[in-house]
Amino acid sequence: MKKAILYKEWIKTRYVFLAALVIALCFAGYAMLNINRLCTIKGVSHLWQIILLKDNTFIDIIKMIPLVIGAAIAIAQIYPEMVQKRLKLTLHLPYSESRMVLDMLCVGLLEIFVINAITFLSLALYLNSLIAIELVSRIMLTSLPWFINGFTAYLLVSAICFENSWKMRIPLILLAIGILYIPSMQDALEAYNGILWLLILISIACIMLSYHSIIRFKEGSQD
Amino acid sequence: MNKNLKTASSIVLFALAIITLSWFLPWLYSFALPSTDSSAFVLFSPTQKKFIFSEMSKDNGTKIYDLDGKEYTIDDRDALVPTFYYNQLMKKGIAPDTINGVEVTMKLIRHNSPTMRYNPRDINAITPKVFLILESMPKRASLEEPKEVFRINDNGMEFIDMATNTLNEKRSAEFTAMLKKKGFTFPARNINGNPDTRKSEDDGYLIIDNDGKLFQVKQQLGKPYVRKFESKAPLKYCFITELPEVLGLVTDENNKMYAVTLSEGKLKELGIDSYNPEKETFLNIGDPFFWTVKISNDKGYRIFALNADTFERVAEYKSEPSPTPDVFKVASYIFPFEISFTSYNDKFATPRLDFISWNAIYLNILLALIYALIYRRKGKKTIPGIVCTIIFGIFAFIPFMIFKK
């Protein structure tokens, strides 16, 4: 049963996953080409100087990409379940309901992890060939909250999609905006180093919001 | 799905909603109702030997006065602080030839009027662990773009060639050996320099070692130049100024501040009471005769006039604690606390309780009564909601009203 659920989720999301992977790599590639262009025109030393004196990460362009990808995968995975009213059927399968929801979410989270890991590692490896490890870690630590935000966005949008009533969906959307704004509050580099654990904790807590929406769905809450 | 999951998911939803609202609502309130925070611009008059305050007001324009309560016009003020407004006086053709018996020129004033500003925001931040280093004795007249960076770790001082991203082992060994010879204890506690090639000369970096000892380190013809400055107490923070006579300013662990003098090669204590770089803003507007130092924090500010040569205190003024604006007083009756993720005093994003107000308890109790009235049919099940509303006030009441079930 578990394999069947995982396969069903993969079927639903595979095209969005592949498109998201290509988009993420395109943006990462653009950031790398931009750095390469600067190094070719002005020299590698100029890149170091700008990073050190202007606090420029050169990868700001990817800031919102994990968030958009997380939201897109959640919509691709959950929205059809709700529109085509398949969730009720899914919950009636001979399999633990809570386990079923967790398996569904894990598929999405795994896909986001793969995309984020490939993007993160490709950028880190490229930067490592040009600049000192201190600067690589400075830039990548600055970008970590953006990647964590991708997982949070996925879980929040999943909860919104699972929700059957607009009366509840709107407060959830407002809550999601508030939570997803946290990694944009401070522009300084490495500003979030001290609360990366909290961002991960919030992300994990957001799993419960999907359960909340599904419990309401089972109780028959609707507009 | 079991009942526990339902309870847990509801608790998570409410907790996230309360946290988000306790940040968003106070932010929205202060954004919608901004309060003016006027702080006087203060200069020490080198001719009258007294502080001249210039205070901007949106209603009454600029009010200029001294501590005796005497008010001045803008023209009076220009004449009272001729060093700061020399350009203006020259334009009018009334610039003095001498001040306090010393012949002054525009060049003299420009070269001897240092302005320094140090903000806790720059101290309370994660800064890069590698530093650009200039060649202090370049072949050409102007400074050249740096080719290397350095880091100081437990093992010593390491130089990295930026073009190849490789370690320059020879230079690293030379600088490390020289630093060890001068008594440097690795790693560094604080490093401060200004690798800007637009300046005329380079004095390298001021570095405080792990024991709190101060060193000047620069690169001359690719070789190390290291100078040690003796200090009575272990030092904590250094700020390079590269003035003709003052290499930089340093603070010790007791928040005393010293000027690092170049000709005498020693630290001279500044005639200020204290300066904590982690919590206070330091602003100095100097002229050839006096430095006007303003140290400000959340509670107000202190002003010190220092002799520009000896750094001894000539005059001082302490501001009254600034009154709480009315909008904040109203806020303290609405919000029991405030969570903010950012602060003017640092560059970290971290949740912090900005204030806890007991004044809000009245509103909290009122909201709890409304809650109890609305959900009276639920009996004992309302108790957690009532308790939450009494503690978290409006931040809990709103989610309870929205997520009724």
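Chain A reads α-α-α-α-α-α-α-α-α along its sequence, with nine helices and zero strands. Chain B, in contrast, contains 10 helices and 25 strands. Both chains belong to a predicted model, and the predictor assigns the complex an ipTM of 0.91 and a pTM of 0.91. For chain B the mean pLDDT is 92, with 99% of residues at 70 or more.

**Chain A as a whole**

- The C-alpha trace of chain A extends over about 60 × 30 × 25 Å along its principal axes.
- Of the 223 residues in chain A, 57% are buried.
- Contacts between residues at least 6 apart in sequence join partners at least 24 apart in 82% of cases in chain A.
- Chain A carries 18 positive and 13 negative side chains. The centres of these two sets are 6 Å apart.

**Chain B as a whole**

- The C-alpha atoms of chain B occupy a box of roughly 85 × 65 × 35 Å along the principal axes.
- The radius of gyration of chain B is 28 Å, whereas a compact globule of 405 residues would have one near 22 Å.
- Buried residues account for 47% of the 405 residues in chain B.
- In chain B, 48% of the contacts between residues at least 6 apart in sequence link residues at least 24 apart.
- Chain B has an accessible surface of about 21800 Å², and carbon and sulfur atoms hold 54% of it.
- There are 53 positive and 47 negative charges in chain B, and their mean positions are separated by 10 Å.

**Selected residues in chain A**

- Lys85(A) sits in the loop that runs between α3 (65-83) and α4 (87-91) of chain A. Its phi is positive, about 50°, although Lys85(A) is not a glycine.
- Lys85(A) counts as exposed because its relative accessible area is 69%, and the cut-off for exposed is over 50%.
- Ile177(A) belongs to helix α7 of chain A, which covers residues 166-181. With a relative accessibility of 53%, Ile177(A) is also classed as exposed.
- Ile177(A) and Leu47(A) are 130 residues apart along the chain, and 34 Å separates their C-alpha atoms.

- Thr251(B) is part of strand β17, residues 246-252 of chain B.
- The relative accessible area of Thr251(B) is 1%, so this residue is buried; the limit for that class is under 20%.
- Leaving aside residues up to four places away in sequence, Thr251(B) touches Leu235(B), Lys236(B), Tyr237(B), Phe239(B), Lys256(B), Met257(B), Tyr275(B) and Pro277(B).
- Asn255(B) is located in the loop between β17 and β18 (257-261) of chain B. Asn255(B) has a positive phi, near 65°, in a residue other than glycine.
- Asn255(B) is partly exposed, at 22% relative accessible area.

**Other sites in chain B**

- Gln88(B) lies within helix α3 of chain B, residues 86-92. Its relative accessible area is 36%, so Gln88(B) is partly exposed: the value falls between the limits of 20% and 50%.
- Along the chain, Gln88(B) and Asp75(B) are 13 residues apart, and their C-alpha atoms are 9.5 Å from each other.
- A cis peptide bond connects Phe186(B) to Pro187(B), with omega near -5°.
- Pro187(B) is in the loop between α6 (169-181) and β12 (188-193) of chain B.

Methods: Residues are numbered from 1 along each chain as its sequence is written. Chains are lettered from A and ligands numbered from 1 in the order in which they are written. This is a predicted model: local features need pLDDT of at least 70, side-chain atom pairs count only at pLDDT 80 or more; totals for chains, interfaces and linings use all residues. Side-chain values use heavy atoms; hydrogens and water are left out. pLDDT is the predictor's confidence in each residue, from 0 to 100. Helices (H or I, at least four residues) and strands (E, at least two) are DSSP runs, numbered from the N terminus. The radius of gyration is taken over C-alpha atoms; the globule rule is 2.2 Å times the number of residues to the power 0.38. Buried means under 20% relative accessible area, exposed over 50%, partly exposed in between (1.4 Å probe, protein chains only). Contact means heavy atoms within 4.5 Å. Accessible areas come from the Shrake-Rupley method with a 1.4 Å probe; for residues, only the protein chains shown count as cover. Lys and Arg count as positive and Asp and Glu as negative; His and the chain ends are not counted. The place of a charge is taken as NZ of Lys, CZ of Arg, CG of Asp or CD of Glu.
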